[in-house]
Every structure is written in C-alpha cells, then in structure tokens.
Amino acid sequence: MAEVKPKLQLYSHWTSSCGFRVRIVLNFKGLKCDYKAVDLCKGEQFASEFTKINPLSFVPALVGENVVITDSFAIIMYLEEKYPQNPLLPHDLQKRAINYQVASIVSSSIQPLQNLAVLKYIEEKVSPDEKLPWAQHVIKKGFVALEKLLKEHAGRYATGDEVGLADVFLAPQVDRAIRLDIDMEEFPLLKRLYDSYGELPAFQDAMPEKQPDAPNNAAS
C-alpha cells in the first residue's frame, strides 16, 4: 500500500512575509499543503473562524497531524524536525548559531516593527506620511547588522554553499524591502544572496505574486 502523506493546511495571506518563509520551507522539503487564504486587508484574521485557530489573529498558521502551530518560527522548526529531508540547519555549531541569529534578527528586530498592524497604528495615531519612512528605517537598521554579521560567513548562500534557515528568513525580508523602495545597492551582500534565491524553485514558487490569493497571480 502506498504511503499516505499527512495533510497540511497553511492559513496565510499572499503579502505576509512570515507566510512566505513557511512556504519556502514547505517547498524546499517537498511537502504539499492546502492553502487557506486569510485576507488581512478585509480583516478576516479577526473572524471567529480564524481566531479559534490563532487568538492573536496573525498569519501564518499550520494545521494538520493533530497539531495547530501559529508562529512562523515555530512552524518552521516543527517542519525541520518532523521532516528531516533537505535540512536547513548545518551540523557545524557555529554555522547553526549564525543561522539562528539571522532568523532572530529578522523575526524579532525587523519584521514585527514594520508589519501591517504597526504601520496601520502609525497611520492612525501619527500620520500616513510616516508609515513608509518608519518601515524603511527599521529594515535598513536590521540590514546593516545583517551585512556585518554575514560578511565572514556567507558563501553562495547566507552561511555557506547550502541553503539554510538564515536564507529562509532573509529572502522574504529582502523582497519586502524592495517592495518598500529600499535601494538594495546599499546592501551588496544581501542583494547578492537575494539574487541567488532567484535560481531556486522552492523560493520562486513561494513568491507572493504566485499565491492563489494574489491579484492576477501567475497560476490564474
């Protein structure tokens, strides 16, 4: 009898960089999932149907195999440990630590400070004109740190010649930066890494514009 692969459901939105990370990992590990769109612009994340899955009303959320996981970092680590094929963490402890550090910088010091909720708050409480400058400031500050951190460790990818956890977190954040009109020529190492991701189907298939809920997506 053929092996029955577990059914996974990914609740996400095409613009979510956190969802982007998870999609890369699913693709990289060859895992199929049902994509469940949650329209953040329409406030569907606050609907009771979704808050039962994640009371914080954030995407992404992964459902399946008798588990519900609602944080992208936690989802990725779960997938890494549950499905060891194409590992994202190197055996070398120093390289592993650098991967964790990059992921932490992106997930705690950049992305949460320029996400949809924060920018909406700035728009309402400060000024609509301050949204973009704030997002650019936060991202650039983080990118300066990442450039310095990876200078001595990068190979073809962030921490060597194999795709790692760091790359999974970097790709969506650089994509976000480009969409926010940040000149990546200021960050040549990150730009080079991002260009290398363009050669990887796992990354390209996870691009926002290729998702089912994206306007005029490539799959339509």
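Modeller: The structure holds 5 aromatic pairs. Rings of Phe, Tyr and Trp (its six-membered ring) count as a pair if their centres lie within 6.5 Å, and the planes are called stacked under 30 degrees apart, edge-to-face over 60 and tilted for the rest. The rings of Tyr11 and Phe50 are 6.0 Å apart at their centres with planes at 45 degrees, so this pair is tilted. Because Tyr11 belongs to strand β1 (residues 9-12) and Phe50 to helix α2 (residues 48-51), the pair ties together parts that are 39 residues apart in sequence. Helices (H or I, at least four residues) and strands (E, at least two) are DSSP runs, numbered from the N terminus.

A word on the background: this is a predicted model, where local features need pLDDT of at least 70 and side-chain atom pairs pLDDT 80 or more, while totals for chains, interfaces and linings use all residues. Residues are numbered from 1 along each chain as its sequence is written, and side-chain values use heavy atoms, leaving out hydrogens and water.

Back to the pair: Tyr11 and Phe50 are both buried, where buried means under 20% relative accessible area, exposed over 50% and partly exposed in between (1.4 Å probe, protein chains only). In soluble globular proteins, nonpolar side chains tend to be buried together.

β1 and β3 pair in the antiparallel sense over 3 bridges, and two strands pair if DSSP finds at least two bridges between them. Tyr11 stands opposite Ala61 in β3. Strand β3 (residues 61-64) is covered on both faces: Ala61 and Val63 on one side, and Leu62 and Gly64 on the other, are all buried. On to strand β4 (residues 67-69): β3 and β4 run antiparallel, joined by 3 bridges, with Val63 opposite Val68. These two strands form a hairpin with 2 residues between them, and Glu65 in the turn has a positive phi of about 55 degrees.

For another aromatic pair, turn to Phe73 and Phe169, which are tilted at 50 degrees between the planes and 5.1 Å centre to centre. Phe73 sits in helix α3 (residues 72-82) and Phe169 in helix α7 (residues 165-179), so parts 96 residues apart in sequence are tied together. Phe73 is partly exposed, at 21% relative accessible area, whereas Phe169 is buried, at 0%.
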